[in-house]
Every structure is written in C-alpha cells, then in structure tokens.
Amino acid sequence: MDAQRSLLQTPRRHSRWRIAGFAAAQRLAQVCGGRAWYRWRHLHPKRWVLRLETLWVPDWPARLEGLRVLQLSDFHAGPFLRGEALTPLVAATERQAPDLIALTGDFITDDWRDVQSIAPTLGALRSRYGSWAVFGNHDYRGRQEGTLAATLREAGIRVLLDATEPVADLPLWVTGLHDLEERRAGSLIDSQGEHDSEEATLRARLAALRSQQSAGSWELALCHHPIGAAALARPQTFAILAGHTHGRQMDLPGLRRLGPDHPGLQVRQFLDGEPASMLYVHRGVGVVGLPVRSRAPAEVLLLEVRRGPQARSASRFETLARWDALGSAGSRPPHAPLRETNRFGG
Ligand SMILES: [Fe+2]
C-alpha cells in the first residue's frame with residue numbers, strides 16, 4: 001500500500017534535457033503531420049474503446065441507484081489534437097445517457113490558448129446534472145490557469161480546484177483537487193506549506209472541504225494524479241477518478257518506464273486499513289511526445305454505481321467495446337479485454 005509513499009513525493013519526473021528531447025520530438029512529429037495521423041490512427045470511431053465499469057456498493061442509497069458517471073481525461077489539445085477530433089465522441093457519449101460527466105485534467109499540452117479549440121466541444125457534452133473538471137499538471141503551463149478555468153466555465157463546465165459542490169439536490173457531492181505535482185512545485189502551497197507538511201496541508205484542506213458537505217452524503221472525487229487517492233480514500237467516497245498515466249501510452253516492454261505507472265483500477269484503503277474507495281485511472285484521450293499509442297487505446301470510461309451485496313473490492317465488471325459496437329455491446333462478444341495493471345503501490 002502506498003501510505004508509506006508520501007503523497008507529495010510526486011516527483012517532477014523529467015530533467016531539463018529530457019524535456020527538451022520530448023519537445024524536439026513532439027515538434028518534429030507535428031511538422032510531419034502528427035495531428036492528422038493521431039486522429040486517423042487513434043481517434044477514429046473504430047479505435048475508441050468504451051470501458052464499462054460497475055461498482056457495487058452495499059449501502060448505496062435508492063436515490064442514486066444506477067448513477068452513471070462518464071469520465072474523459074488528458075485531452076492534450078495542441079500539437080496532436082484539436083476540438084474537431086472530439087466531435088464524434090460527443091455523439092457517442094450522448095448515447096450513454098450519463099448522469100454527470102467528469103473531466104480529469106490535462107486539457108492542454110503546452111499553450112493555454114489551445115483550450116479554446118476543445119472547450120466548445122467539451123461544453124456540448126450532455127448529461128443530466130452537468131460536467132465537472134479538475135486540472136492536470138499540463139494545465140498550469142504558462143501560469144494561465146485562471147484564464148483556462150474561465151474558458152471552461154464559459155463553456156458550461158464547472159471547474160473544481162480544491163473545491164466541492166453538491167449535485168442538484170442529491171445526497172452527492174463532487175470534490176476536485178488542484179494537481180498534486182503543481183501543488184508540490186510550490187505555487188499552490190500557502191505560507192504554512194513547508195515541504196515536510198505538504199501532505200498534512202493537503203489533508204487539512206480536504207477536511208475543510210468535506211466539512212461543507214451535507215451529513216450522510218456521498219462523494220465522487222476527482223484528482224488528476226492517481227497518487228492523490230491515498231488522501232481521498234474514505235468510506236463515503238465511493239469512487240476516485242484520475243488520469244495522468246495515459247495507460248503508459250506505449251505499454252510495451254522497455255518503454256513503460258518512460259511514463260508514470262498506470263494503476264488502472266484499484267481498491268483504496270481507508271486509514272484503518274478497511275477497503276474504502278475505488279480508484280479508476282483513465283487512459284486518456286490525447287497524447288504527449290509522439291502521436292502514438294500501443295496497447296493503451298484512447299478510452300471513455302462509463303461507471304455505473306449500483307446497490308449490491310458484494311463488497312466493493314469483490315465485484316468488478318469490465319467490458320471493452322469499440323465504438324462501432326455501442327448499443328449492442330451486451331449482445332456480442334466483447335473484444336479482448338485489456339488487462340488492468342495494479343503496480344501503483346501494490
Ligand atoms: Fe496527460
């Protein structure tokens with residue numbers, strides 16, 4: 001369990017030289033038509049995968065029975081993706097009739113202006129209760145996160161940066177955190193936030209947020225970096241949605257170490273060691289570095305929460321269906337499922 005791994009040991013992972021190398025490769029790929037390639041090769045309607053997950057919660061309230069949460073993450077607008085590539089996705093997600101939509105960060109790669117190309121498309125996503133978003137580490141590039149948040153809000157998306165909001169009159173709140181890497185970089189840490197107390201500062205902030213929530217309500221937590229699950233896990237928080245990993249983007253031997261670990265799906269434990277929240281880590285929509293993915297398809301995650309006798313840790317249902325199978329996914333054999341890995345903190 002990664003309780004031993006301090007929350008905010010989240011490293012600034014790359015050296016200056018490595019970042020320069022990434023930037024050069026990215027620029028070269030862009031000049032060579034990387035955006036068109038990525039759209040054709042990885043964002044074509046037959047390349048998307050829909051990841052269906054059902055979470056069984058023994059004491060789930062009747063008012064929330066069958067809650068459908070649709071998650072998208074890591075768009076990385078810029079060199080390899082612009083809004084028009086997402087248009088088919090909007091139609092496809094509408095067919096899933098989600099109750100709410102979670103967008104878990106990395107809207108851009110480098111330039112905050114690129115959010116303008118995807119915000120209208122994301123704002124067109126329809127659900128019963130609306131869309132909520134958090135920022136990923138890339139969204140702080142250029143320190144224009146205020147403008148970026150305003151652009152998303154203008155598109156009708158609620159942005160949660162260390163904030164919590166109720167969902168209509170339901171016993172349900174959505175909580176979203178600032179990105180943990182950026183918090184560690186210091187810009188988001190208040191004057192008391194010395195490095196050795198960063199984790200305590202985060203936990204205190206989280207406790208303050210949760211004190212705003214109605215008694216007996218449930219929480220859906222959004223946190224770009226999956227390591228935040230260690231602080232977020234508790235029995236009332238039925239799910240923690242994260243991104244950041246891109247499913248390793250190139251999930252091949254020898255290349256996996258280039259990116260962060262991909263926990264995929266994992267039961268998180270509460271402080272007393274009891275199973276508590278379920279962590280879902282999204283493979284993302286866009287890419288960084290090179291416009292390629294291998295064994296890590298761009299995905300949409302649809303989470304349905306139901307009351308059931310099974311413990312949260314025991315029951316898991318996952319089917320992957322390509323977009324052309326939507327609407328008939330239950331009546332035809334699913335494509336070979338991707339194996340969710342669980343290397344993040346065991
Ligand atoms: Fe990302």
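Let's start with a pair of helices: H4 (residues 115-123) and H5 pack with their axes 8 Å apart, at an angle of about 30°. That angle makes H4 roughly parallel to H5, since angles under 35 degrees count as roughly parallel, over 145 as roughly antiparallel, 65 to 115 as roughly perpendicular and the rest as oblique. This is a predicted model, in which local features need pLDDT of at least 70, side-chain atom pairs count only at pLDDT 80 or more, and totals for chains, interfaces and linings use all residues. Residues are numbered from 1 along each chain as its sequence is written.

**The chain as a whole**

- The protein chain has 8 helices and 13 strands; these are DSSP runs numbered from the N terminus, with helices (H or I) of at least four residues and strands (E) of at least two.
- Of its 346 residues, 45% count as buried. A residue is buried if 20 or more other C-beta atoms lie within 10 Å of its own, exposed if 12 or fewer, and partly exposed in between, with C-beta atoms placed from the backbone.
- Among contacts with a separation of 6 or more, 78% come from residues 24 or more positions apart. Two residues are in contact if their C-beta atoms, placed from the backbone, lie within 7 Å.

**How H4 meets H5**

- Two packed helices are described by the angle between their axes and the distance between the axes. Here, axes are lines fitted to C-alpha atoms, for helices over the stretch in contact, and angles run from 0 to 180 degrees between N-to-C directions.
- The crossing of H4 and H5 is right-handed.
- On the H4 side, the contact is made by Val115, Gln116 and Ala119, and on the H5 side by Leu148, Thr151 and Leu152.
- By class, this contact of H4 with H5 has 4 nonpolar, 2 polar and no charged residues.

**Buried sides of helices**

- In H4, the buried residues are Val115, Ile118, Ala119 and Leu122. Seen down the axis of H4, they fall within an arc of 115°, so they line one face of the helix; the arc is that of the directions from the helix axis to the C-beta atoms.
- The cover over the buried residues of H4 includes strand E3 (100-104), H5 and E5.
- In helix H2 (residues 34-42), Gly34, Tyr38 and His42 are buried. They cover an arc of only 40° around the axis, which puts them on the same side of H2.
- The buried residues of H2 pack against helix H1 (16-31).

**Gly136, a buried loop residue**

- Gly136 sits in the loop between strand E4 (131-134) and helix H5 (145-154).
- Gly136 counts as buried because it has 27 C-beta neighbours inside 10 Å.
- Not counting residues up to four places away in sequence, Gly136 touches Asp74, Gly105, Asp106, Asp179, His224, Gly243 and His244.
- Gly136 and His225 are 89 residues apart in sequence, and their C-alpha atoms are 7.5 Å apart in space.

**Two residues with positive phi**

- Most residues other than glycine have a negative phi.
- Arg143, although not a glycine, has a positive phi of about 50°. Arg143 is in the loop between E4 and H5, and counts as exposed because it has 10 C-beta neighbours inside 10 Å.
- Asp162 is another residue other than glycine with a positive phi, near 55°. Asp162 lies in the loop between strand E5 (157-159) and strand E6 (163-166), and is partly exposed, with 16 other C-beta atoms within 10 Å.

Key: A crossing is left-handed if the near helix is turned anticlockwise from the far one by less than a right angle, and right-handed if clockwise. Ala, Val, Leu, Ile, Met, Phe, Trp, Tyr, Cys and Pro count as nonpolar, Asp, Glu, Lys and Arg as charged, and the others, Gly among them, as polar.
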